[in-house]
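Have the structure open while you read.

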Amino acid sequence: MKIIHISAECYPIAKVGGLADVVGALPKYQNEIGANSAVIMPFYNTKFTQSHKFTLVYQANLILGNQELNFDILKIEDAVLEFDVFFVHVKDLLYTESVYTDNDTNRFLAFQIAALDWILTLKKKPDYIHCHDHHTGLIPFMAQESYKYESLNKIPVITTIHNAQYQGWMSYDNLYKIPEFNIENVGLLMWDGMINPLAAAIKCAWRVTTVSPSYMEELKYSANGLESLLSHESSKAVGILNGIDSAVWNPETDKFIIKNYKKTTVESGKKANKEWLCSQFNLDKSKPLFAFIGRLVGEKGAELLPHALDYALRSKDIAVIVLGSGAKETEKELFDLILKHKGNYNAFIGYDEKLSHIIYAGADFLLMPSRVEPCGLNQMYSLRYGTVPIVRRIGGLKDTVVDIGDHGFGICHNEVSEQDIVVAINRGKEFYTQQKEFKANRKHIMSIDHSWEVSTKAYINLYNSIN
Ligand code: ADP
Ligand code: GLC
């Protein structure tokens with residue numbers, strides 16, 4: 001079974017969020033059970049691309065409206081990953097330092113056209129094309145409708161929605177950039193007067209998946225304008241919970257953390273990581289340590305954190321660390337709290353992969369007050385590292401965390417509000433005082449299995465169900 005994933009992100013090559021983690025893991029686990037799974041992604045100017053060697057696989061020109069652009073397909077020279085990655089190199093458009101820019105319409109159009117142009121030339125075509133998010137949302141349409149890709153239209157195309165908030169909207173005057181098709185079918189591209197790549201993917205993909213079962217249900221009521229479309233297409237849509245890459249996210253072998261540990265050594269292991277964090281960030285190591293890691297955006301409920309944390313920190317009996325970047329105002333408010341709560345609070349505004357691992361290892365609790373959470377990986381990483389997740393009951397968080405009050409292992413709240421966050425922190429504080437139960441819970445959560453094995457099979461079954 002030959003599968004080609006097409007994505008804007010893939011860990012460890014280019015990562016903005018969980019999309020990268022999933023695309024960097026799923027192909028690997030598909031290969032482990034006998035599939036032949038590879039990734040096509042853009043060639044960005046990242047640390048990874050600067051520090052590896054690449055070979056040229058294919059070279060051609062692509063047509064983007066009235067522009068003709070040269071593109072290369074590159075492959076990593078050494079087998080550094082456990083799956084093949086093919087890069088689309090369009091120097092003037094895709095070779096940027098950040099994954100996303102303000103010219104993404106042209107960038108991802110060129111990427112998708114180049115990817116299909118190249119697939120067209122392959123002797124052994126993929127059995128399945130698996131697209132991720134709106135950046136690849138026009139592929140299901142083009143593979144089905146564009147005349148030049150006619151020979152691909154029997155290949156099932158699957159689209160996974162990692163996040164329906166972003167849809168890749170573009171104005172109608174971009175239509176001429178999409179390889180020619182029967183204009184009578186233009187409606188497949190449109191939603192609410194715009195070309196909407198995510199909507200087009202939902203209409204044209206052979207199957208649509210989301211990254212948790214609860215999110216699939218929620219999308220029918222709240223999908224940034226696509227609710228009715230998702231309800232209408234629900235017969236071909238299914239929610240498959242993400243897994244975590246248990247080779248990368250393993251406290252026993254994690255190269256990023258200060259001290260490795262397993263279930264039997266969790267206390268001393270977490271202590272060493274917490275002590276390091278507390279000394280680096282001037283925090284009181286005797287207090288329960290609450291952490292937040294993530295994009296500082298509305299979806300994550302991040303704008304509520306400054307006030308909620310300010311309030312919770314008044315009692316001076318907790319320590320808090322924040323790692324994130326995003327909305328400038330939230331960044332500033334979170335930064336400003338540092339002086340006010342010196343010794344009990346600190347924040348690193350930015351992106352730091354290594355620090356994120358140490359925080360999962362060293363914190364006692366991880367906060368996720370998300371407004372929208374299609375799956376969420378942080379809570380699963382925190383479980384693996386023995387850190388109690390404090391989550392809002394939504395999407396994938398609802399599917400993976402059970403409250404201690406319901407014989408579970410985490411702390412859940414219903415609303416995205418400062419009050420609910422503070423109450424949840426207080427419940428955490430209370431739980432922390434019951435050290436015997438708290439320590440037993442740590443061991444328990446480390447053994448919850450969220451590895452990719454189960455979900456990998458679910459995807460393979462889904463592909464098989466198409467034929
Ligand atoms: P999303 O993809 O919506 O941002 P996920 O929970 O699926 O949310 O995945 C987020 C991923 O990005 C996790 O691997 C998390 O550790 C990582 N991450 C988010 N923000 C940062 C940051 N500032 N520094 C390091 N890692 C981060
Ligand atoms: C998106 C979602 C997140 C999910 C990730 C990986 O970024 O916001 O909830 O875990 O994709 O599927």
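## Helix α12: one side in, one side out

Let's start with helix α12 (residues 328-340). At 1.5 Å a residue, its 13 residues should span 18 Å, and the end C-alpha atoms sit 19 Å apart, so the two agree. Keep in mind that this is a predicted model.

Which residues of α12 are buried? They are T330, E331, L334, L337 and I338. Around the axis they cover an arc of only 120°, which means that they lie on the same side of α12. Among the elements covering these buried residues are β12 (289-296), α11 (305-313), β13 (319-326) and β14 (345-349).

Helix α18 (residues 453-466) has 14 residues. From its first C-alpha to its last it reaches 21 Å, close to the 20 Å expected at 1.5 Å a residue.

The buried residues here are S455, T456, Y459, I460, L462, Y463 and I466. Look down the axis of α18 and they fall within an arc of 155°, so they line one face of the helix. What do the buried residues of α18 pack against? The partners are β1 (2-6), α2 (26-32), β6 (128-132), β7 (157-161), β10 (207-210) and β11 (237-239). The face turned away from the buried side carries V454 and N461, both exposed.

## Where α16 meets α17

Next up is a helix pair. Helix α16 (residues 418-433) and helix α17 (residues 435-446) pack at an angle of about 100°, with their axes 5 Å apart. The two are therefore roughly perpendicular to each other.

On the α16 side, the contact is made by F431, Y432 and T433. Sorted by class, the contact has three nonpolar, three polar and one charged residues.

## Zooming in on L116

Last stop: a single residue. L116 belongs to helix α5 (residues 104-121). Is it buried or exposed? With 0% relative accessibility, L116 counts as buried, because the cut-off for that is under 20%.

Leaving out residues up to four places away in sequence, L116 touches I139, M142, A143, Y149 and L152. As for distance along the chain, N106 is ten residues from L116, and their C-alpha atoms are separated by 16 Å.

Technical notes: Residues numbered from 1 in each chain as written. Chains lettered and ligands numbered in written order. Predicted model: local features only at pLDDT ≥ 70, side-chain atom pairs only at ≥ 80, totals over all residues. Heavy atoms only, no water. Axes fitted to C-alpha atoms, helices over the stretch in contact; angles between N-to-C directions. Helix = DSSP H or I, 4+ residues; strand = E, 2+ residues; numbered from the N terminus. Parallel < 35°, antiparallel > 145°, perpendicular 65-115°, else oblique. Contact = heavy atoms within 4.5 Å. Nonpolar A, V, L, I, M, F, W, Y, C, P; charged D, E, K, R; others polar. Expected span 1.5 Å × (residues − 1). Buried < 20%, exposed > 50% of the residue type's maximum accessible area, 1.4 Å probe, protein only. Arc of directions from axis to C-beta.
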